[in-house]
Amino acid sequence: MNLFNKKSLSTAIIALGLPIITLVSCSKKLDVNPKGAISQEQINTPEGAESLVTAAYAQLGNDHYDQPFSLWEYGDVRGGDAYKGGSGTSDIQNFHFIETFAGTLVNFGEVDALWYDMYIGVSRVNAALNSIESLTDAQYPLKQQRIAEMRFLRAHWYFQLKILFKYVPYIDENADRSHYDTIGNRTLSNDQLWEKIAEDFSFAASNLPQTKTDVGRPDKAAAFAYLAKTRLYQAYTQDDQNNVTGINTTDLQAVVSATDSVLASSYHLESDFANNFLPGKYENGVESVWAVQYSHDDGTQYGRLNWGDQLSVPQGLGCCDFKKPSQNLANAFKTDANGLPLTDTYNNSDVNPFTDNVDPRMDHTIAFPNKNWKYNSANIFLDSWSRNPAVYGNYASLKENVDPNSGYFFHVGPFFPNAKNRIILRFADILLMRAEALIELGRQAEALPLINQLRVRAAASTGMLVNANGSPEGKYVVKPYIDGVNIAWTQDNARKALRFERRLEMAEEGSHFFDLVRWGIAATEMNNFFAVEKTKWSFLSVGFFTKNKNEYLPIPQNQINFSQGLYKQNFGY
Amino acid sequence: MKRIIYLLIGLFISLSSYAQHSSMSGVVVEKTTNNPIGSVLIKGINHMTLSDSLGHFSIDAENGETITFSQVGFQTYNYKIVNTDATSLTIELEPLPSSLDAVVVTGYTKERKKDLTGAVSIVNVNDLDKQTTANPIKALQGQAAGVYVTGDGSPSGSSASIQIRGVGTLNSTQPLYIIDGVPTEAGMHELNASDIESMQILKDASAASIYGSRAANGVIIITTKKGKAGHLAVSFVGSTSVSQYAYKMKVLNAGGFGQALWQASVNDGVDPNTNSLLYKFNWSVDPNGQHILNKTILPEYLNAAQTEKTTNTDWFNEITHPGIIQNYNLTLSNGNEKGSYLFSMGDYNNQGIVKTTNFKRYSMRLNSDYKLFNDRVTIGENFTLNKTREVGLPDPNIMQIALQALPIVPVHTVDGIGWGGPEAGMNDRQNPVRLEQDNKDNYYNYLRIFGNAYVDVKILKGLTFRSNYGVDYGNYNSRSFQKTYKSGYLSSDLNTLNVSESQTTKQNLSNTLNYVNDFGKHHLDVLLGTEYYHEYDNNFWASRQGFSSQDLDYQYLDAGSGTQQNGGNAKEYALLSYFGKVNYSYDGRYLASFTLRDDGSSRFGRNNQYGIFPAFSLGWRASQEKFFTETFLGNIFSDLKFRFGWGQTGNQEIATNATFNIYQTNYAGGDPTWATSLGTAYDIKGTGSGLLPSGYAQTQTGNPNLRWEASTMSNWGIDFGFLNNHLTGSVDYFIKKTSDILVNPPYIAVDGEGGSQWVNGASMQNKGLELALTYNGKINDDWTYTINGNISEYRNKITELPQSVLYSYGGNGSTQNILGRPIGSFYGYVADGLFRTQKEVDESAAQQGKGLGRIHYKDLDGNGIIDVQDQTWIGNPNPRFTYGFNFSTRYKNFDFSFFIQGVQGNDVNNIQKQMTDFWSVSDPGSNKGVRVLDAWTPENPNATVPALTLTDANNESRFSSYYIEKGTYMKLRNLQLGYTLPKATLQRMKLSSFRVYIGGDNLLLLMKSKSFTGVDPETPAYGYPNPRILTGGVSISL
């Protein structure tokens, strides 16, 4: 055989050449860009910065019923204002253990997820800040304002983390991600953490505009309000075992001066208490200093709805009847003949919501069988609406709920979320914070008119609390405090009145437990609560608050493990 | 009778040919495949000849003479001539199963089995074909040493996952499939298994590393059937099977549920009548303080409207039925010296045992090749068109819901039309029958075009160029309609249509030059090549709400009037490779092979884009040595070969964009119903509705320093044959070290959602031993049998654990970690039985929630408190060993076979115990397994199931050794009895073969560990149940 005929040779050349041609033409084919993603270059532009800012806001609405940013489980249920609810103790069982404090474990998934979701909030803010700070003022005229907004948001997340967990790792935009593993939850002390939060709010207060550019963004007053809140918590100094060791008057002064700015703003009380808890045209009203904006028919599958509070819809309206107002809270609304609360004796008997003298805020806060559901006399809340009354009673929480006919009530799967905004800073809260600071500063006289503003407004808030025939739903008697007439306005009495007023005004808004911890009375109050309440409800029989432990949630064990032991567990766990 | 037929045939032939001939002719073919066999020695009394390359022969012979047909690797066949005029005889030779001359495809070239130096398992495709699964990989379970297959019983078989030689890597254990030279990584159930001619599993790196970066999990080489020269063949195979629910979980009925609820309540000192589940109890306490349940009272109706009647539903019965599997294949093939073709059609239809689920596959194949220019150039193609369609389990997991749904809930309301469902106070589990019925038209269609075209050019003697272009194209479209419904308090008045479509286009082009020559006793085989692979996937989905009719004909986007949504994305990646291979052998005794591959992947950053994967292997065929052949050793060993191989393979299974920081807009976020949505849109302007401004968030942190994950494997092997190769087998020992394993580990919360990052993490090692044995026995000419078995084991451990993944595999993130332990090891508390006396309770360490009948956890650190520090390593999911055993026998026209497969000594996490052993550990308020009725009570003090309680105060949901059980099992996987019509009858019927058979799959659970309390140790996680299948079938060839 002729090994090297021409034909073979040319075939061989082609054959050898082909692979080589293939290789040359392919060498750039390994450069493949990601699809449908924004590149790093696009991030550091004004448009990129704006987008990251929007996403940082969006996280406010990304809560979920078992890691709710409303903190209903942590602020209301743990504070004795509500029972967990649901079909029974085992429905979201870990919340039952958190409620009774008897079995709070370090590895509850709900707690870990809440921590994670809040840090997503922080990380979105830090990403936005990194982008904003890479731009000049000329490139991005909104630079300072956006930085202020972002720092406000970050401080909001840290504030929430702080009141839940006490010691948290503090990460801002200056920390490089590769060094996150060196930042422990004790890198900053209790007070230093408050200081960091306050710094962000201070910056925001100095750099935010007087009036909101968009209704969802914070303005100067919102920053001052949150700064006041931060300083108020900070004022009550705590040791490592969560004992309140004193009260810092500098911080209290800071509360007063920050609230000065809020009082000087255009925010004021709604004429009717109810307006704060109604959807639609009532949202972003004069009392809403800063609120989470929910929306519907917005191009998402179900709407950007309030997923955090959806479980508190009574079973009779849908599902799932969680967050049942406690008997103790209901009783607290009783008033005496003078229209003052029964601060010491309120819990001696259970309120009759029809015949007893009550503060009208009761019927804005708690649904009682055979009364209107959300001011609608055509939709009476019934005993049968409750899912398991033998265990959790037959009340329901009203403030976060809406009238099913309002157009803001939706059905998603077994759940019924609504599109009503969640107010985070309410002007009434600012009045109470200011009053609290003044009282602790010994300036209780200045606090009296602030508290009375709320009581007067409460008295005036009966317009919607009427039956179909126009008669009032209850016997509403509420009057302001008058020093020397119906109360001796001493610091002690003022403090007592303030604390009681705060509970009534802010009930079911996610804060009572944190107030108790701030004041250093959580153990006493909660164990008193259990002592009486467990005689009414068997599920509370194991309820017991362990002082120097249960003031805070445990640092999630998962995070301690991820940090390879850098994070330290809270005292008592 | 037989004689008469022969006589008639002979007469007919003789009449038609008018004269006596003193020669006979015909063709010799391989029995099972009808491949022509060349060079067969054909011996008569006075004459001797060889068959040509197409198997044709002609020999002079006398009537009554016996002709012997013999060929290496085949059973010798004797034919007694009844009439010398039989000019068109077809002689079928049966191959010896372990034929050493069998040619196997290994990495772009072919080798004879006896020359192999790597660890290669050759699968007997006939054994796979006996099973009815749509996925040949599922059928591979237990068939080859070192190959571990798991999977549930879903009709498509798509859940089967395969692991070759232990857990080699972490993201995917899928091996690389090379089908007719085209690489692919998934979806074997989408191709027709009966087109498979041969299957080889390249297990070690020396064999697989020619496939470089994708070979870390091993390579499975599949060659499809080709047309045979000179032989028009038509064959039909059809079977029908019935499948049944084999292992059903026993759950509580309405009465049992009440009893357990009552017991849990009285145990807790809670009034049992405060439940929200409509149960009322009449109970008392006897003088000894013993609680007695006198009567369980249930209302006649579950709701006030009296539409739901209280009942006793067995949800598993309601959602299942006997399934039917039908499988038909028709093959047509022909060929001559210039080319051949094969055309096949397949129709597979599996109606699963869960009602409304089914899987259908239609497939068509055309394989052809043609020789041009004096046979110097061969062009050919293999082309398949496959269409699959599946209705899967509805979401949420219906099997889990059938367990959880309450027995008192009826399937239908009293009118027999409406759906039953939970009423207020009950759990929010859907009616599983509604779920499956509403899902019955929600199928996907998948069209897959798979094939290749090639040209083979013989350039010079021994030098061949081959260019192969392969394509794997998939088009997936699905339509899912969520109907409105009312089912108890669960309802939806909004219907939604979701449609989605995706296209996957994978192309590859390989060019190879191959030089094969013999220089005296030296044999040389050199291969050089390049390969380019490109994959582009894109997808989109759209949904609408608000359809005025729910008729199937309305389920199109245009018919909806509500909210519209859509989305879509794409993925792309490319590989570019250069490779070479040299095989050398001297005198068939000394064998050596070297390969080198340089692979580039677009998935890696510029710094580490290319990886080099070298390998070599050596073999010594001792049985060819003189001191063997010429001594007694030659009488004992018919074959003996020692092998050693070493090589590296890679893995690049990471996100295609892993090196980049990824920022994405996620307008709505995920479905917020059951999990946090993480959306990026926000109503910042407070408009309340309308289009929202949307931002973007970082969802991945890029890692530009990512590099290949590499596996280095050494393999020592011995192949042997005894008794003239009646007994053959091989033993292999391997050490496989995988380093820089690519993972996307869970991350600390402070990283935020952008914490997702691919890294090169841990390293690990697998060591293993594999043994495969085959014995071909023959009792007489009528009765033969084959026994083959395989057993394999591996030991896995993590050998390196960098900081970045310290907490990714359990442990406590610091002192306790997986280093030095097998991957997947279970970490948790040690359950030390139940507290049986108050003394035990009092004397034990402080344990929150402890009490009588509760699980006692061990205080491992001895500090007197049970806390997170009291956890340790409590189980290893890797089996001690796995095995398979095949027996087949043929007696006259009957054949019989069975196949047993088993797994020994693995720990399984029987997480279903949370539902079978506890009232409140998981999903309280839902139905439970019957084991709760044997829970601990003071009257039942020896129980092993903890006392029932309404709340899990002792935190028994914590992961502990209570859930760890042995997953050992042995199953009768397949049994088949067949009957083949005798030759004479066939000839009368003008058929070349006709076989009928009956058999079954998954027939018996022969053995399981006593410690296992679940239903099927093979699927403790409780997927689609593995059914028992009974099959009848027929195969006909013309």
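Helix α18 of chain A, residues 522-533, has 12 residues and reaches 16 Å from its first C-alpha to its last, close to the 16 Å expected at 1.5 Å a residue. The model is predicted.

**Helix α18 of chain A**

- The buried residues in α18(A) are A:Ala522, A:Ala523, A:Met526, A:Phe529, A:Phe530 and A:Glu533.
- Seen down the axis of α18(A), these buried residues fall within an arc of 135°, so they line one face of the helix.
- In general, an α-helix has 3.6 residues a turn, so residues three or four places apart point the same way.
- The cover over the buried residues of α18(A) includes β1 (82-85), α5 (93-100), α11 (327-332) and α17 (512-519) of chain A.

**Contact between chain B and chain A**

- Chain B brings 108 residues to the contact and chain A brings 107 residues.
- About 8700 Å² is buried between chain B and chain A, and carbon and sulfur atoms give 59% of that area.
- On the chain B side, B:Tyr682, B:Tyr696 and B:Val750 lose the most area to chain A, together 9% of what that side buries.
- Between the two chains there are 39 residue pairs in polar contact, counting pairs with both residues at pLDDT 80 or more.
- Strands of chain B that each supply at least two residues to the side touching chain A include β24 (444-460), β28 (496-519), β29 (522-545) and β31 (590-601).
- Strand β30(B) gives the largest share of that side, 10 residues.
- Four salt bridges are counted between chain B and chain A.
- A salt bridge joins the side chains of A:Asp214 and B:Lys685, at 3.1 Å from N to O.

**B:Asp751**

- B:Asp751 sits in the loop between β38 (742-743) and β39 (759-760) of chain B.
- With a relative accessible area of 11%, B:Asp751 is buried, because buried means under 20%.
- Leaving out residues up to four places away in sequence, B:Asp751 touches A:Ser123, A:Arg177 and A:Tyr180.
- With A:Arg177, the contact is polar and runs from side chain to side chain at 3.2 Å.

**Salt bridges within the chains**

- Over all chains, the whole structure holds 81 salt bridges.
- A:Lys323 forms a salt bridge with A:Asp76, their closest N and O atoms being 3.4 Å apart.
- A:Lys323 lies in strand β5 (residues 322-325) and A:Asp76 in helix α4 (residues 72-77) of chain A, so this pair ties together parts that are 247 residues apart in sequence.
- Both A:Lys323 and A:Asp76 are buried.
- A:Arg422 forms a salt bridge with A:Asp309, with the closest N and O atoms 3.2 Å apart.
- A:Arg422 belongs to strand β11 (residues 422-426) and A:Asp309 to the loop between β4 (288-292) and β5 of chain A, so the pair ties together parts that are 113 residues apart in sequence.
- A:Arg422 counts as buried at 11% relative accessibility, and A:Asp309 is buried at 8%.
- In chain B, the side chains of B:Lys966 and B:Asp907 meet in a salt bridge at 2.7 Å, N to O.
- B:Lys966 lies in strand β49 (residues 964-966) and B:Asp907 in strand β48 (residues 907-909), so the pair ties together parts that are 59 residues apart in sequence.
- B:Lys966 is partly exposed, with a relative accessible area of 34%, whereas B:Asp907 is buried at 12%.
- A network of salt bridges in chain A includes A:Glu287, A:Asp359, A:Arg361, A:Lys399 and A:Arg426.

Notes:
Residues are numbered from 1 along each chain as its sequence is written. Chains are lettered from A and ligands numbered from 1 in the order in which they are written. This is a predicted model: local features need pLDDT of at least 70, side-chain atom pairs count only at pLDDT 80 or more; totals for chains, interfaces and linings use all residues. Side-chain values use heavy atoms; hydrogens and water are left out. Helices (H or I, at least four residues) and strands (E, at least two) are DSSP runs, numbered from the N terminus. The expected span of a helix is 1.5 Å times one less than its number of residues. Buried means under 20% relative accessible area, exposed over 50%, partly exposed in between (1.4 Å probe, protein chains only). The arc is that of the directions from the helix axis to the C-beta atoms. Contact means heavy atoms within 4.5 Å. A polar contact is a pair of N or O atoms within 3.5 Å; within protein, one must be able to donate a hydrogen and the other to accept it, and residues adjacent in sequence count only if both atoms are side-chain atoms. Buried area is the accessible area (1.4 Å probe) that two parts lose on being put together, summed over both.
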